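Okay, thanks for coming, everyone. Let me put it up on the screen.

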Amino acid sequence: MTATAADAQAPARDPENTLYMDLKSGRVVIALRPDLAPKHVEQIKTLTRQGFYDNTPFHRVIEGFMAQGGDPTGTGTGGSNLPNIPAEFTNRARFLRGTVGMARSQSPNSANSQFFIMFAPGSFLDGQYTIWGQVVQGMEHVDAIKKGDQQRNGQVANPPDRIVRMRVAADVRE
(Lines give C-alpha, C1' and ligand atoms only; values in the text may rest on other atoms or scores of the structure.)
Protein backbone atom coordinates (compact mmCIF):
# COMPACT_ATOMS: atom_id res chain seq x y z
CA MET A 1 0.00 0.00 0.00
CA THR A 2 1.34 3.39 -0.83
CA ALA A 3 1.34 6.02 1.88
CA THR A 4 -0.85 8.19 -0.32
CA ALA A 5 -3.64 5.59 -0.49
CA ALA A 6 -3.73 5.29 3.30
CA ASP A 7 -3.36 9.02 3.85
CA ALA A 8 -6.19 9.80 1.44
CA GLN A 9 -8.63 7.59 3.31
CA ALA A 10 -7.55 7.52 6.95
CA PRO A 11 -7.54 10.37 9.45
CA ALA A 12 -4.64 10.95 11.85
CA ARG A 13 -4.24 8.15 14.37
CA ASP A 14 -6.22 8.49 17.56
CA PRO A 15 -5.62 5.62 20.05
CA GLU A 16 -9.37 5.28 20.69
CA ASN A 17 -9.92 4.84 16.95
CA THR A 18 -6.96 2.58 16.17
CA LEU A 19 -6.93 -1.22 16.27
CA TYR A 20 -3.93 -3.49 16.70
CA MET A 21 -4.59 -6.82 14.98
CA ASP A 22 -1.81 -9.29 15.72
CA LEU A 23 -1.33 -12.05 13.16
CA LYS A 24 1.23 -14.86 13.24
CA SER A 25 3.54 -12.85 10.97
CA GLY A 26 3.19 -9.51 12.83
CA ARG A 27 1.02 -6.54 13.75
CA VAL A 28 -1.51 -4.85 11.51
CA VAL A 29 -2.57 -1.32 12.49
CA ILE A 30 -6.06 -0.27 11.42
CA ALA A 31 -7.29 3.33 11.59
CA LEU A 32 -11.00 3.24 12.38
CA ARG A 33 -13.39 5.49 10.44
CA PRO A 34 -16.12 6.72 12.80
CA ASP A 35 -16.57 9.63 10.40
CA LEU A 36 -17.93 7.14 7.84
CA ALA A 37 -19.52 4.41 9.97
CA PRO A 38 -19.97 5.35 13.65
CA LYS A 39 -22.27 2.41 14.48
CA HIS A 40 -19.97 -0.13 12.83
CA VAL A 41 -16.89 1.30 14.53
CA GLU A 42 -18.63 1.16 17.91
CA GLN A 43 -19.63 -2.48 17.37
CA ILE A 44 -16.09 -3.45 16.25
CA LYS A 45 -14.58 -1.73 19.32
CA THR A 46 -17.11 -3.37 21.66
CA LEU A 47 -16.39 -6.83 20.25
CA THR A 48 -12.64 -6.18 20.29
CA ARG A 49 -12.77 -5.12 23.94
CA GLN A 50 -14.70 -8.32 24.75
CA GLY A 51 -11.90 -10.38 23.15
CA PHE A 52 -14.37 -11.65 20.57
CA TYR A 53 -11.91 -11.58 17.65
CA ASP A 54 -9.04 -13.32 19.46
CA ASN A 55 -8.22 -16.62 17.72
CA THR A 56 -10.95 -16.24 15.08
CA PRO A 57 -10.06 -17.59 11.63
CA PHE A 58 -9.79 -15.95 8.23
CA HIS A 59 -12.27 -18.40 6.71
CA ARG A 60 -12.56 -16.89 3.23
CA VAL A 61 -9.47 -15.51 1.51
CA ILE A 62 -9.46 -14.77 -2.22
CA GLU A 63 -6.08 -13.89 -3.72
CA GLY A 64 -6.13 -10.48 -5.38
CA PHE A 65 -9.45 -9.59 -3.71
CA MET A 66 -9.83 -9.84 0.09
CA ALA A 67 -9.39 -11.74 3.38
CA GLN A 68 -12.57 -12.27 5.42
CA GLY A 69 -12.72 -13.05 9.14
CA GLY A 70 -14.66 -12.27 12.28
CA ASP A 71 -16.73 -15.45 12.36
CA PRO A 72 -15.89 -17.58 15.41
CA THR A 73 -17.42 -20.67 13.74
CA GLY A 74 -15.17 -20.34 10.68
CA THR A 75 -18.10 -21.16 8.41
CA GLY A 76 -19.05 -17.69 7.19
CA THR A 77 -22.44 -17.95 8.88
CA GLY A 78 -21.54 -17.05 12.47
CA GLY A 79 -21.61 -13.78 14.32
CA SER A 80 -21.72 -12.23 17.76
CA ASN A 81 -24.51 -11.97 20.33
CA LEU A 82 -24.85 -8.25 19.56
CA PRO A 83 -27.62 -7.04 17.25
CA ASN A 84 -26.98 -6.59 13.54
CA ILE A 85 -26.05 -3.09 12.42
CA PRO A 86 -27.92 -0.97 9.86
CA ALA A 87 -25.94 -0.21 6.71
CA GLU A 88 -23.72 2.88 6.73
CA PHE A 89 -22.82 2.99 3.06
CA THR A 90 -20.94 6.00 1.74
CA ASN A 91 -19.63 7.47 -1.47
CA ARG A 92 -17.07 9.59 0.47
CA ALA A 93 -14.53 6.75 0.51
CA ARG A 94 -13.67 3.90 -1.83
CA PHE A 95 -12.62 0.29 -1.46
CA LEU A 96 -8.88 0.47 -2.07
CA ARG A 97 -6.02 -1.81 -1.06
CA GLY A 98 -6.09 -2.04 2.76
CA THR A 99 -9.68 -0.84 3.15
CA VAL A 100 -11.58 -2.70 5.87
CA GLY A 101 -15.25 -3.30 5.19
CA MET A 102 -18.10 -5.05 6.93
CA ALA A 103 -19.32 -8.35 5.55
CA ARG A 104 -23.06 -8.94 5.33
CA SER A 105 -25.65 -11.20 3.74
CA GLN A 106 -27.85 -10.03 0.86
CA SER A 107 -29.70 -7.85 3.35
CA PRO A 108 -27.92 -4.47 3.64
CA ASN A 109 -28.74 -4.32 7.37
CA SER A 110 -27.28 -7.72 8.31
CA ALA A 111 -23.70 -6.80 9.31
CA ASN A 112 -22.68 -8.12 12.72
CA SER A 113 -19.06 -9.16 13.36
CA GLN A 114 -17.57 -10.36 10.08
CA PHE A 115 -15.26 -8.07 8.13
CA PHE A 116 -12.90 -8.15 5.20
CA ILE A 117 -9.62 -6.46 4.27
CA MET A 118 -9.00 -5.64 0.62
CA PHE A 119 -5.85 -6.93 -1.13
CA ALA A 120 -6.61 -4.71 -4.15
CA PRO A 121 -9.08 -2.00 -5.15
CA GLY A 122 -12.69 -3.16 -5.55
CA SER A 123 -14.73 -0.29 -6.96
CA PHE A 124 -17.72 -2.63 -7.48
CA LEU A 125 -18.12 -2.61 -3.65
CA ASP A 126 -18.24 1.21 -3.39
CA GLY A 127 -21.57 2.35 -1.95
CA GLN A 128 -22.67 -1.29 -1.48
CA TYR A 129 -20.75 -2.23 1.69
CA THR A 130 -19.80 -0.29 4.82
CA ILE A 131 -16.21 0.94 5.13
CA TRP A 132 -15.12 1.13 8.78
CA GLY A 133 -11.32 1.16 8.64
CA GLN A 134 -8.08 1.38 6.72
CA VAL A 135 -4.86 -0.56 7.24
CA VAL A 136 -2.17 2.06 7.87
CA GLN A 137 0.66 -0.29 8.84
CA GLY A 138 1.45 -3.98 8.40
CA MET A 139 -0.31 -4.68 5.10
CA GLU A 140 2.47 -7.17 4.36
CA HIS A 141 1.06 -9.31 7.19
CA VAL A 142 -2.41 -9.22 5.62
CA ASP A 143 -0.82 -10.25 2.31
CA ALA A 144 0.72 -13.28 4.09
CA ILE A 145 -2.67 -14.68 5.25
CA LYS A 146 -3.22 -18.21 3.91
CA LYS A 147 -5.23 -18.08 0.69
CA GLY A 148 -8.34 -20.12 0.07
CA ASP A 149 -9.41 -22.36 -2.77
CA GLN A 150 -10.46 -20.27 -5.78
CA GLN A 151 -12.79 -23.09 -6.89
CA ARG A 152 -14.60 -22.95 -3.53
CA ASN A 153 -15.20 -19.18 -3.29
CA GLY A 154 -12.03 -18.66 -1.27
CA GLN A 155 -12.82 -21.18 1.47
CA VAL A 156 -9.61 -21.79 3.41
CA ALA A 157 -8.55 -25.37 4.11
CA ASN A 158 -7.80 -26.35 7.69
CA PRO A 159 -6.00 -24.98 9.41
CA PRO A 160 -6.83 -21.39 8.41
CA ASP A 161 -4.73 -18.48 9.63
CA ARG A 162 -6.21 -16.75 12.66
CA ILE A 163 -6.23 -13.41 14.41
CA VAL A 164 -3.90 -14.03 17.33
CA ARG A 165 -5.20 -11.02 19.24
CA MET A 166 -7.01 -7.77 18.49
CA ARG A 167 -6.98 -4.69 20.75
CA VAL A 168 -8.06 -1.05 20.72
CA ALA A 169 -4.79 0.92 20.89
CA ALA A 170 -6.10 3.09 23.76
CA ASP A 171 -6.30 -0.07 25.90
CA VAL A 172 -2.74 -1.27 25.17
CA ARG A 173 0.11 -0.43 27.53
CA GLU A 174 3.35 -1.23 25.71
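Let's start with Lys45, which counts as buried at 7% relative accessibility. By buried I mean under 20% relative accessible area; exposed is over 50%, and partly exposed is in between, with a 1.4 Å probe and protein chains only. Before I go on, the housekeeping: this is a predicted model, so local features need pLDDT of at least 70 and side-chain atom pairs count only at pLDDT 80 or more, while totals for chains, interfaces and linings use all residues. Residues are numbered from 1 along each chain as its sequence is written, and side-chain values use heavy atoms, with hydrogens and water left out.

So what does Lys45 form a salt bridge with? The partner is Glu16, and the closest N and O atoms are 3.2 Å apart. A salt bridge here is a side-chain nitrogen of Lys or Arg within 4 Å of a carboxyl oxygen of Asp or Glu. Helices and strands are DSSP runs numbered from the N terminus, H or I with at least four residues for helices, E with at least two for strands.

Glu16 is partly exposed, at 27% relative accessible area. Its side chain also meets that of Arg49 in a salt bridge, 2.8 Å from N to O. Arg49 is in helix 2 and Glu16 in that loop, so this pair ties together parts that are 33 residues apart in sequence.

Now follow Arg49, which is partly exposed at 40% relative accessibility. Arg49 forms a salt bridge with Asp171 too, with the closest N and O atoms 2.6 Å apart. That one links parts of the chain 122 residues apart, since Asp171 is in the segment after strand 8 (165–168). Asp171 is partly exposed, with a relative accessible area of 40%. Put together, shared partners join Glu16, Lys45, Arg49 and Asp171 into one network. And for the whole structure, the count is 9 salt bridges.

Okay, over to the core. The largest nonpolar core has 31 residues, and those with the most contacts inside it include Met21, Phe58 and Phe115. A nonpolar core, for us, is a set of buried Ala, Val, Leu, Ile, Met, Phe, Trp, Tyr and Cys residues joined through side-chain atoms within 4.5 Å. There's a second, separate core of 10 residues, with Ile62 and Phe95 among them.

Last stop, strand 5, residues 99–102. Which way do its side chains point? Thr99 and Gly101 point one way, Val100 and Met102 the other, and all are buried. In a regular strand, side chains alternate between the two faces of the sheet. Strand 5 pairs antiparallel with strand 7 (residues 131–137) over 3 bridges, and Gly101 stands opposite Ile131 there. Pairing means that DSSP finds at least two bridges between the strands. Strand 6, residues 115–118, is also antiparallel to strand 5, joined by 3 bridges. Here Met102 stands opposite Phe115, one of those core residues with the most contacts.

That's my tour, happy to take questions.
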